[in-house]
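Please look at the sequence and the structure shown here before reading on. The report then takes the chains in turn.

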Amino acid sequence: MTVTVDPALAGDARRERRFFLSLSLPALFIVGLAAILPILWIIRQSFLTTGGEYTVANYSKVLSSGLTWSALVTTLELSLGTLAICILLGTPLALALASARPRVANLLMAFVMLPLWTAILVRTYGWLVLLRRDGLINAALTGSGLTAEPLPLVYNFTGTLIGMVHYMLPLFLLPVYAAMRDIDPNLIRAAASMGATLGQVIRTVIMPLSAGGIFSGSVIVLIYSIGFFITPAVLGGGKVNPLSTRIERALSTFQDWGSASVLGILLLVLMALIGVMLLAARRLLAQNTVAASHA
Amino acid sequence: MKSLPITIDSVSKAYGSYVALDDVSLDIQAGEFLTLLGPSGSGKTTLLMALAGFVRPDSGKLLLGDRDITRLAPNKRDIGIVFQNYALFPHMNVLANVAYPLALRKTPRAEARQRALATLARVKLDGLAERNVAALSGGQRQRVALARAIVFEPRVMLMDEPLSALDKNLRETMQYEIRRLHDDLGITTIYVTHDQREALIMSDRIAVMNSGRIQQIDTPQRIYDRPSTRFVAEFMGEANIVAPGSVRRIDGAEASGETLMIRAESFHLDAKLVGSDAVALEGILRAKAFRGENWLLTLALDGGQEVLVCIPAALAGGCAELAAGQRMTAYAPAAKVHAIPGAMA
């Protein structure tokens, strides 16, 4: 049996779909204008000499420089270090928040979110005050006799990492907390009733079910970390130089748009590679949880 | 499988000023199927969760066999639970869900798999072992939850309104199946429901709860026919609560007792069908409704009280012709007139 479709009704359906699609136009326009066009422009820049002729010299110059590769390593160290600390600190924190009573959870969440409402520059300089040789933390450490000498907490990798973790932790926490809060408490009760200890409940129920949130949080942290500039620039004291600070130097010190563009593309490629790796990791993770529970 | 008796000894639990359990005591025999029946907020689920270890009582004791489990962690109680929403692990397939408690017990993989498959067959889910739980129907999920709760051979089973999400036909099938499973396994079972019919069909004994207290605990028949309070009488079915003054006995003797309960379906319209010690209620027909298997008549007694009279369709030859406003008499055999011990409370 076939149904004859009234063309007027079919037209209505089409119009409805078109209307909802059209709602995305302003966003598409902005993305095109603010992201895609500049990227194309950067790709073009990377093949131009300062005189405006086409060349691959920018690439050979940047890629043969040891500074580029050390910047790449620093970028990876900072990003992965930040991510690792976020996972180690954020996952238990999210679990605590998700299992707290609603009122307590909201209060704790407000504390977590507070830093997000402060300008990043202010926060970064705040850390400077805390971490300096004569800063609050070192004053407390030496004053109480815990350490004889002030610890080198800032203008180095440690300081940069501390600042970055402070910025990234709430961003990581939000999706993880949301995922954990969505877990049906009866699943945890069911697991316990069947004999699971708290550790087993966390390992076999909570972690697999919040893997999606941890994954999202990790993606956010990595995306922000890879191109992070202010914190390494201020707290790194010139000694921590990821790709972002190299790009800034190429532009502001040498006005070398060609090299800066190549470095920018390097950053993009790095991000794409990490994205692919994360997707692969997630697929592997999904398979593993099913396999592992297949006792 | 050795099942154990359960003793609930003066257990109370309050949430602020709200008393969820008010000095509840209950003995459940080994292998018994006991139903906690009551309206929502009656405390039945709180009592179940206290047994499971998820609600900490304010006072009182819980014993499993001779063992005091009041302060024992939930994962050490060895109790199988079927939850209202099934609580199946969405990240595991059917087999992994059922094998989960065995995996926790470090059962060798092959043995766990074999036992899980055997349990799945027992609940008629053969062939669905590799299925994702999201791909199952409500009834199938219910069976997986059941399999998961019995696969590790717990000594007690708790079920929290396990059938409330299923449609009527499936619910009735599952009632018989759960009961048969219980009879096969002989496992002490506490079943929570607000459906009085379900409680009657499934239970060895029913504990009717209201406002955190057990109103009556008895066999289904006695709960239905001989309720000890007005609440139980009305909760279990269409009950008419009348004062002895509103009825007369056919033989002229005084009707005894303070408060009488007559179930709607105890009535006959034909005096020849009841004995000479039957009671008669006279009144005016207010309304009538055809309900398929029976007719429901609403009779207004002379005092103004309304009485529900339920006549099986097979015996209700004349019901269709009855007209509202007409005067009529309904008869109930003496055996079906129950004097509620409590006053007109």
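The sections below describe chain A and then chain B of a predicted model.

## Chain A: elements

Chain A contains 13 helices and zero strands.

## Chain A: overall form

The C-alpha atoms of chain A occupy a box of roughly 75 × 65 × 40 Å along the principal axes. The radius of gyration of chain A is 25 Å, whereas a compact globule of 295 residues would have one near 19 Å.

Buried residues make up 29% of the 295 residues of chain A. Among contacts in chain A with a separation of 6 or more, 73% are between residues 24 or more positions apart.

## Chain B: two domains

The domain assignment divides chain B into domain 1 (6-235) and domain 2 (239-340). The centres of domain 1 and domain 2 of chain B, taken over C-alpha atoms, are 39 Å apart.

An unreviewed UniProt entry lists residues 6-236 of chain B as "domain: ABC transporter". This span of chain B is 37% helix and 26% strand, and its end C-alpha atoms are 25 Å apart.

## Chain B: where the domains touch

How many residues of domain 1 of chain B are in contact with domain 2 of chain B? Seven residues of domain 1 are in contact with six residues of domain 2. On the domain 1 side, helix α8 (residues 230-236) of chain B gives the largest share, three residues. By class, that side of domain 1 of chain B has four charged, two nonpolar and one polar residues.

Key:
Residues are numbered from 1 along each chain as its sequence is written. Chains are lettered from A and ligands numbered from 1 in the order in which they are written. This is a predicted model: local features need pLDDT of at least 70, side-chain atom pairs count only at pLDDT 80 or more; totals for chains, interfaces and linings use all residues. Domain bounds come from an automatic or database domain assignment. Two residues are in contact if their C-beta atoms, placed from the backbone, lie within 7 Å. Helices (H or I, at least four residues) and strands (E, at least two) are DSSP runs, numbered from the N terminus. Ala, Val, Leu, Ile, Met, Phe, Trp, Tyr, Cys and Pro count as nonpolar, Asp, Glu, Lys and Arg as charged, and the others, Gly among them, as polar. UniProt positions are given in the numbering used here, feature names are shortened, and annotations may be inferred rather than shown by experiment. The radius of gyration is taken over C-alpha atoms; the globule rule is 2.2 Å times the number of residues to the power 0.38. A residue is buried if 20 or more other C-beta atoms lie within 10 Å of its own, exposed if 12 or fewer, and partly exposed in between; C-beta atoms are placed from the backbone.
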